[in-house]
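Thanks for coming, everyone. Please bring the model up on your screens, and we will walk through it together.

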Amino acid sequence: MEFSFILNGKRVVCDISDNQTLLDLLRDSLGVTSVKKGCEQGECGACTVLLDGEPVTSCLVLARRIEGREVTTVEGLVDDPKMKSLREAFLEEGAVQCGYCTPGMLLSAYSLIRSNLDPTEAQVKKAIEGNLCRCTGYVKIIEAIIHAAKKLKSE
Ligand code: FES
Ligand code: FES
């Protein structure tokens, strides 16, 4: 079945199978490997992307459901000032270890700070509650997100 959607601002036309997930379409067919495959059950958040601007776990979305819709991954936000600030803060605060959770974590954080440059710790925890990290213990990730938001607010 041929269909099209918008990936990182560009229209993509591709073939999909009936039961293919958005995660498999992105990774296996389109080579977008920043979107990580973890649990494939909606539990870990490694596969998070923005669908029409909102974070979703792409392992739970059937590819055929996204016809005509907009999907954004970290690649699509390379030049975005808010994402840039988040990336820098993650590095400065030591919020990245193995990095497997990082793209999904960044997209959830981006979704938060896009509308809130003064998030409380509780709001940050809520925003990333669907993103599991096995390495960092979360403290540095939370600090990095708050730091990035504060920096953007002061600019
Ligand atoms: S791979 Fe999708 S939530 Fe874990
Ligand atoms: S940095 Fe390894 S899972 Fe988060």
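Start where H2 meets H3. From H2, the contact takes Lys82, Met83, Leu86, Arg87 and Phe90. From H3, the partners are Thr102, Leu106, Ala109, Tyr110 and Ile113. By class, that gives 7 nonpolar, 1 polar and 2 charged residues. One caution before we go on: this is a predicted model.

How do these two helices sit against each other? H2 covers residues 81-93, and its angle to H3 is about 130°. The two axes are 10 Å apart. Angles from 65 to 115 degrees would count as roughly perpendicular, and over 145 as roughly antiparallel. H2 and H3 are therefore oblique to each other. Their crossing is right-handed.

Now stay on H2 and turn to H5. Here the axes lie 8 Å apart, and the angle is about 135°. That makes H2 oblique to H5. Again we have a right-handed crossing, this time of H2 and H5.

Which residues make this contact? On the H2 side they are Lys82, Ser85, Leu86, Ala89, Phe90 and Glu93. On the H5 side, look for Lys140, Glu143, Ala144, Ile145, His147, Ala148, Lys151 and Leu152. The classes come out at 7 nonpolar, 2 polar and 5 charged.

A quick reminder on helices. An α-helix has 3.6 residues a turn, so residues three or four places apart point the same way. Keep that in mind as you follow the lists on screen.

Next pair: H3 and H5. H3 runs over residues 102-113, and H5 over residues 139-154. They pack at an angle of about 40°, with the axes 11 Å apart. That makes H3 oblique to H5. H3 passes H5 in a right-handed crossing.

What does each helix bring? H3 brings Met105, Ala109 and Ile113. H5 brings Ile141, Ile145, Ala148, Ala149 and Leu152. What classes are these residues? The contact of H3 with H5 has 8 nonpolar residues, no polar ones and no charged ones.

Let me pick out one residue, Ala109. Ala109 sits in H3. Is Ala109 buried or exposed? Count the other C-beta atoms within 10 Å: there are 29. The cut-off for buried is 20 or more, so Ala109 is buried.

Which residues does Ala109 touch? Leaving out residues up to four places away in sequence, they are Leu86, Ala127, Ile128 and Ile145. Leu86 is one of the H2 residues that meet H3. Ile145 belongs to the H5 side of the contact with H3. Now compare Ala109 with Phe90. In sequence they are 19 residues apart. In space, their C-alpha atoms are 11 Å apart.

Let's step back to the whole chain. Where do the domains fall? The domain assignment gives domain 1 as 2-73 and domain 2 as 79-154. Their C-alpha centres lie 22 Å apart. The contact between them takes 13 residues from domain 1 and 10 residues from domain 2. On the domain 1 side, strand S3 (48-51) and strand S4 (54-57) each supply at least two residues. That side of domain 1 divides into 7 nonpolar, 4 polar and 2 charged residues.

Over to helix H1, residues 22-29. Which of its residues are buried? They are Leu22, Leu23, Asp24, Leu25 and Leu26. Asp24 is in that list too, so click on it. Just after H1 comes Gly31, with a positive phi of about 70°.

Look at Asn8, where phi is about 50°. Asn8 is in the loop between strand S1 (2-7) and strand S2 (10-15). Inside 10 Å it has 17 C-beta neighbours, so Asn8 counts as partly exposed.

Then there is Tyr138, with a positive phi near 75°. Tyr138 is in the loop between helix H4 (121-127) and H5. With 17 other C-beta atoms within 10 Å, Tyr138 is partly exposed.

Conventions
Residues numbered from 1 in each chain as written. Chains lettered and ligands numbered in written order. Predicted model: local features only at pLDDT ≥ 70, side-chain atom pairs only at ≥ 80, totals over all residues. Domains from an automatic or database assignment. Contact = placed C-beta atoms within 7 Å. Helix = DSSP H or I, 4+ residues; strand = E, 2+ residues; numbered from the N terminus. Nonpolar A, V, L, I, M, F, W, Y, C, P; charged D, E, K, R; others polar. Axes fitted to C-alpha atoms, helices over the stretch in contact; angles between N-to-C directions. Parallel < 35°, antiparallel > 145°, perpendicular 65-115°, else oblique. Left-handed = near helix turned anticlockwise from the far one by under 90°. Buried ≥ 20, exposed ≤ 12 C-beta atoms within 10 Å, placed from the backbone.
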